[in-house]
Amino acid sequence: MNAVIDAIRSRRTVKKMDADLAPSRSDIESVIEAATWAPNHHLTEPWRFVVIEKEARRKLGEALAEAMAKGSKDVVPPERLAKEREKPLSAPVIIALIGSPKQGENISAQEEMVAAGAALQNMLLAAHSFGLATSVRTGLHSYSEGIRRFFEMQGDERLIAMVYIGYVTGMTAPGKRTPFRDKVVWRES
Ligand SMILES: Cc1cc2nc3c(=O)[nH]c(=O)nc-3n(C[C@H](O)[C@H](O)[C@H](O)COP(=O)(O)O)c2cc1C
């Protein structure tokens with residue numbers, strides 16, 4: 001197997017990270033730089049990044065819990081809110097990838113989001129290549145007004161994902177996929 005295929009196959013979502021052991025700034029920057037090499041039509045580069053670390057993780061947790069409370073039609077039990085508030089503290093660093101679509105005659109909103117998705121995968125693979133663990137986090141309340149405000153999102157900007165990043169502790173579940181041939185048709189005529 002070649003190195004790229006091996007990286008694609010062996011990358012896994014990792015939820016148990018050492019919350020106190022932060023990756024180096026240079027590794028974080030390399031992960032972000034890898035994102036920016038994703039293909040993007042018309043070179044619109046429809047992305048920006050917010051790196052959340054240290055105390056800022058607590059503020060993100062507050063914003064997530066508040067969004068959850070406001071977004072629910074029923075009263076959310078305090079333990080559920082506390083769990084949400086704690087989530088960002090489970091990783092030393094969180095990189096928010098924000099899709100920042102450009103406008104223009106030939107620019108398609110869909111293509112802008114697809115490009116941002118490609119940037120996300122570049123981040124995960126780059127992190128994996130440095131021995132870093134990642135977990136992609138979203139959830140319905142991540143798309144709320146409160147979280148938009150937290151990340152100072154404007155206009156058509158969309159949160160693509162929050163990438164929790166750090167060093168693995170404990171076991172990671174093995175990957176699982178439908179055999180690819182079940183998803184393919186070949187046409188010759
Ligand atoms: C756009 C996007 C959003 C995701 N959001 C979440 C999430 O909110 N919580 C979560 O546990 N996993 C989330 N994931 C990760 C998937 O659950 C994970 O990739 C899937 O279980 C497959 O596992 P693997 O990454 O180890 O192959 C998200 C993945 C993507 C691409």
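**Notebook: ligand site and core**

I began at the ligand, where a polar side-chain atom of Arg 12 sits 2.7 Å from one of the ligand's oxygen atoms; I count N or O pairs within 3.5 Å as polar contacts. I am working on a predicted model, where local features need pLDDT of at least 70, side-chain atom pairs count only at pLDDT 80 or more, and totals for chains, interfaces and linings use all residues. Residues are numbered from 1 along each chain as its sequence is written, and side-chain values use heavy atoms, with hydrogens and water left out.

Next I looked up Lys 15: an N or O atom in its side chain is 2.5 Å from an oxygen atom of the ligand. Thr 138 uses its backbone instead, with an N or O atom 2.8 Å from a ligand oxygen. I then checked cover: the ligand alone exposes 620 Å², and the protein buries 57% of that (Shrake-Rupley, 1.4 Å probe).

Then I turned to the inside. The largest nonpolar core has 23 residues, and Val 31, Ile 95, Leu 97, Leu 120, Met 123 and Ile 165 have the most contacts inside it. By core I mean buried Ala, Val, Leu, Ile, Met, Phe, Trp, Tyr and Cys residues joined through side-chain atoms within 4.5 Å, buried being under 20% relative accessible area with a 1.4 Å probe, protein chains only. Helix 5 (109–129) is among the elements giving two or more residues, and it gives the most, with 8. Helices here are DSSP runs (H or I) of at least four residues.

What does Met 123 touch? I found Val 31, Ala 35, Phe 49, Ile 95, Leu 97 and Val 163, leaving out residues up to four places away in sequence (contact: heavy atoms within 4.5 Å).

Note on methods. Buried means under 20% relative accessible area, exposed over 50%, partly exposed in between (1.4 Å probe, protein chains only). A polar contact is a pair of N or O atoms within 3.5 Å; within protein, one must be able to donate a hydrogen and the other to accept it, and residues adjacent in sequence count only if both atoms are side-chain atoms.
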